[in-house]
Amino acid sequence: MRNIEHSYIDGQFVEPHGRELFDLHNPTTGGVIGRVRLGDVEDAHAAIAAAKRALPLMARTTKAERLHMLQALEAAMQARADELYEAMLEEYGAPAVFSRWVADYAPASFRAAAQTLADFPLEQDIASARVAMEPVGVVGLITPWNANAAFICGKLAYAIAAGCTSVIKPSEMSALQTEVVLRALHEAGLPAGVYNLVNGRGADVGAAIAAHPDVAKISFTGSTTVGKAIIRASADTLKRVTLELGGKSPTIVLDDAALETVIPAVIGTGFMNSGQACIAGTRVLVSEARRETFEAALKAAIETEVKVGDPRDPSTSIGPMVSQTQWERVQRYIRLGVEEGANLLTGGEGRPEGLTGYFVRPTVFTDVKNDMRIVREEIFGPVLAILTYRDEDEAVAIANDTSYGLSAYIFGDQAKAERIAARLESGRVVINGAAHEPLAPFGGVKQSGLGREGGPFGLSAYLEPKTVLGARR
Ligand code: NAD
């Protein structure tokens with residue numbers, strides 16, 4: 001049992017004012033593995049006040065000083081990467097490959113922010129004006145449970161690069177992972193108050209940060225519903241907001257894509273992070289002509305090659321859902337798909353045989369219509385839907401017929417794929433499984449979000465341009 005009893009305010013681990021104790025679970029077994037004391041609105045206000053006090057000094061730091069901080073953070077986080085990997089496996093249950101990816105991404109995000117800052121003009125002349133890029137102020141960083149450590153580090157890295165001070169509100173369900181990150185941040189030895197962290201519930205700590213007049217910007221990753229609540233809460237103080245929200249991403253399989261490469265790619269894209277990924281390719285589009293062959297190959301591959309089970313086992317592709325609530329949500333959607341008239345190609349309700357934790361069966365629906373709720377709503381589990389198209393125009397129309405637009409995937413002929421990519425309403429399009437580019441802008445269109453993170457676009461979101469006219473040239 002691990003007990004986490006503190007918030008982090010003004011460079012100190014402090015006992016929260018909040019008294020609620022929140023159980024932490026190992027989703028592989030369902031057992032309780034720890035408890036976190038949650039902060040409350042008073043703790044949120046204390047953290048905001050500390051960030052406000054630290055802002056004047058932080059805002060005046062030079063590029064070189066910020067680069068130095070980012071290097072110290074990267075080294076400290078790197079030193080705890082293995083510990084973070086262990087915490088991810090235990091508290092979240094992500095398969096080993098994804099847990100390792102997050103453990104490596106956490107230090108790498110400080111490196112990416114440093115690289116971005118090094119090349120970023122913090123002052124420039126535009127015609128007769130001098131334009132200085134100044135930190136936006138105190139920022140609230142709010143993260144979800146599905147890659148909590150990666151989001152804390154990714155957001156904090158760019159806030160520091162910009163000279164902002166931060167109040168972090170991580171997912172309350174990820175306190176063990178947060179604790180590893182927090183210890184690393186503390187070891188990096190930054191000035192007190194530059195970042196502050198309060199474990200707490202979204203409805204009180206998160207909402208207090210979103211509404212507070214001393215917070216200038218919110219960077220939020222989470223559900224579209226909560227993203228909208230944050231916009232409403234922050235409207236009175238006209239905060240800047242960056243929202244990374246949900247998705248229902250299309251994977252378009254072109255007729256010339258070789259089945260032996262495209263089937264594992266569709267599975268990998270759809271079931272990434274056990275299906276609990278905002279960018280998962282959950283709507284799979286195949287041509288009517290190829291549907292039968294494709295479905296047979298997908299079913300066979302899932303039933304023989306996709307292993308659900310212990311996330312520590314390197315051969316596991318799908319671990320447990322994060323919580324009992326998430327398990328029930330996925331079950332409800334599988335039931336709903338059947339009720340709506342879709343057919344199960346594979347999977348269905350219940351647990352895979354022999355497993356007792358929050359495991360679900362990898363599920364694929366076929367005979368799906370684009371107005372069914374299983375195709376329109378984010379399920380956030382290993383559940384895919386196959387849709388068919390007659391030609392390229394119809395593939396594009398179906399792909400775009402969604403309220404989301406975070407990511408899209410195309411497999412097949414390069415020229416055709418690039419032509420289709422230009423027509424998709426999506427913040428990002430991945431052709432033939434290309435690798436993630438951390439310096440490129442990441443974010444969604446439509447109800448997948450607002451603004452971008454990462455690289456120069458991400459850094460700009462923490463900065464306000466100040467125009468000075470009449471400055472000496
Ligand atoms: P969530 O929206 O329920 O919670 C996210 C965070 O917001 C948590 O820390 C929560 O405590 C807090 N919160 C809840 N209510 C709040 C409020 N009223 N005010 C302020 N904060 C509040 O999301 P989740 O269930 O933790 O994560 C899953 C969701 O996150 C999915 O919808 C997924 O698509 C999305 N997500 C998006 C991205 C992206 O980059 N676009 C990445 C990962 C996850």
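In which sense do strands β15 and β16 pair, and over how many bridges? They pair in the antiparallel sense over three bridges. The views below come from a predicted model, in which local features need pLDDT of at least 70 and side-chain atom pairs count only at pLDDT 80 or more, while totals for chains, interfaces and linings use all residues. Residues are numbered from 1 along each chain as its sequence is written, and side-chain values use heavy atoms, with hydrogens and water left out.

View 1. Helices (H or I, at least four residues) and strands (E, at least two) are DSSP runs, numbered from the N terminus. Two strands pair if DSSP finds at least two bridges between them. Between β15 (residues 343-346) and β16 the pairing is antiparallel, with Asn-343 opposite Thr-366 of β16. With β17, β16 pairs in the parallel sense over three bridges, and Val-364 stands opposite Leu-384 of β17. Thr-363 and Phe-365 point one way from β16, Val-364 and Thr-366 point the other way, and all are buried (under 20% relative accessible area; exposed is over 50%, partly exposed in between; 1.4 Å probe, protein chains only).

View 2. Asp-367 lies in the loop between β16 (363-366) and α12 (373-376). Its phi is about 55°, a positive value, although Asp-367 is not a glycine. Asp-367 is partly exposed, at a relative accessible area of 32%. Phe-380 is in the loop between α12 and β17 and has a positive phi near 65°, again in a residue other than glycine. Phe-380 is buried, at 14% relative accessible area.

**View 3. Helix α13 and its cover.** In α13 (residues 392-400) the buried residues are Ala-395, Val-396, Ile-398, Ala-399 and Asn-400. Elements covering them include β13 (249-253), β14 (281-287), β17 (383-389) and α14 (414-423), where contact means heavy atoms within 4.5 Å.

View 4. The ligand is surrounded by 27 residues, the closest being Thr-143, Lys-169, Ser-223, Leu-245 and Glu-378; a residue is near a molecule if one of its heavy atoms lies within 4 Å of it. A polar side-chain atom of Lys-169 is 2.6 Å from a ligand oxygen atom. A side-chain N or O atom of Ser-223 is 2.6 Å from an oxygen atom of the ligand, and for Glu-378 the distance from such an atom to a ligand oxygen is 2.6 Å. A polar contact is a pair of N or O atoms within 3.5 Å. Taken alone the ligand exposes 850 Å², of which the protein buries 87% (Shrake-Rupley method, 1.4 Å probe).

Technical notes:
Polar contact = N/O pair within 3.5 Å; in protein donor to acceptor, adjacent residues only side chain to side chain.
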